[in-house]
Amino acid sequence: MNNRSGWLRVALAAVFAWLAMLAVPAFAQQPGPEVCANCHEDQVKAFSGSIHGKTAHPRSPAAAGPAACASCHGDGSEHVKAGGGKGVGGMINLSSKTIPAEKRDQICLTCHEANRHLAFWDSGKHRKNDVSCSDCHSVHNGVGQQLKVKGAQIAPMTTTSRVPQQEVCFNCHRDIKAMVMRPSHHPIVEGKIQCSSCHNPHGALTASMVNAESVKELCTSCHADKRGPFMFEHAPVEESCLNCHNPHGTRAAKLLNEKLPNLCQDCHDAAQHPGTIYDADSGFGAGTGATSGPNTRFLARSCMNCHNEIHGSNAPASRGRRFVR
C-alpha cells in the first residue's frame, strides 16, 4: 500500500510539473529588457521610468518580468539571433505606419480595453480616421499620460518637464493651432485649460467629441452666468454659442467671430439700426430740419454699448426684450 502511494505521489508530481510547463507563457523564455538594452538603451531606460515600467503595478508590462518587451513587441528571439535590425525577426514596431492602426491598437487594448475613457473609442473620429494610440502616446515615455511629442514648445520661465497636451494635438490640428495663437483665445498655451477640458480624444457620441451633450452645455459648465434661465432669451445663444464665438481663438475680443457691430448686423441689419453708411446730412449726432433727432444708423458703433445683456435678460417689458442694461 505504501509503495502504491509512493508511485501515486510521483505520478501526480510529474503531471503537475507538466501542467506547470504548459501554463508558462511562450514568451517567458524570450529575451528581456536586459538583453534589449544592449541595442535599445535609451528606450529601455525611458521605459523603466514610465508607468509601464513599474514592476509593482499588477497590469504593467514590467510585471511580466523577462517578457516585458515581448508584451507589446512580440517574440524577440529571432530578432536577437539575427543580430537585430529594423523589422528583422518579426518584431512589432508600434510607431510603424506599415502596420494598420487597428492592429496596433489591439496591442494596447489588450490591457486598456476596460478603461472607462475608451468606452466610445470605436465611435470617435480618431478611430474612424485610423489614428492609432501610438500616434499620440509612447509606451516608453516617462512623462504624464505617456504623451508623445518631439521638441515640445515649453513656455519661457516654465519650470516643468511635462509635455503640453496641446503640442500633441497640434501635430495634426494645424488649423486649430493657428486659431489658438490669435489675440483672443482660450488660455490653452498658458496652461490654464487643456484640449481635453472640452474634448475627449478617446471618443464620444457628440460632434467634435466634446465632453457634453451639446456645445451650449459644454460652455455653460464654466460660464454659468450665461446659462440662464432668462425671461427673454436670445435665440442664437439658445441654439449654439458657436453662432457668435469661436472657442479656439479669433482676432476680435471675447472670441467673437467678427467685430461689433458687424457680428450683430449679420442678423439685425434690416430694422431698428440700419447698417448703411452716413451721408453729408447726418452723422453720429442729431440731424437737421424735419428729420432732426438722434441718428439710428449703426455704423462704427458697438451694439453692446446699450444691449449688454446679449445672452439673455430678466429685465421687465421692452428693456428685457431688447436686452438693454
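Predicted model: local features only at pLDDT ≥ 70, side-chain atom pairs only at ≥ 80, totals over all residues.
Guide: Residues are numbered from 1 along each chain as its sequence is written, and side-chain values use heavy atoms, with hydrogens and water left out.

Visitor: Why is Glu217 called partly exposed?

Guide: Buried means under 20% relative accessible area and exposed over 50%, with partly exposed in between (1.4 Å probe, protein chains only). Glu217 has 44% relative accessibility, and therefore counts as partly exposed. Glu217 belongs to helix α11, residues 215–220, where a helix is a DSSP run of H or I with at least four residues, numbered from the N terminus.

Visitor: How far apart are Glu217 and Arg227 in sequence and in space?

Guide: They are ten residues apart in sequence, and their C-alpha atoms are 8.2 Å apart.

Visitor: What makes up the largest nonpolar core?

Guide: A nonpolar core is a set of buried Ala, Val, Leu, Ile, Met, Phe, Trp, Tyr and Cys residues joined through side-chain atoms within 4.5 Å. The largest one consists of five residues: Phe170, Ile176, Met179, Val180 and Ile188. In soluble globular proteins, nonpolar side chains tend to be buried together.

Visitor: Which residues are in contact with Ile188, leaving aside its neighbours within four places in sequence?

Guide: Contact means heavy atoms within 4.5 Å; on that basis Ile188 touches Gln166, Val180 and Ile193.

Technical notes. Helix = DSSP H or I, 4+ residues; strand = E, 2+ residues; numbered from the N terminus.
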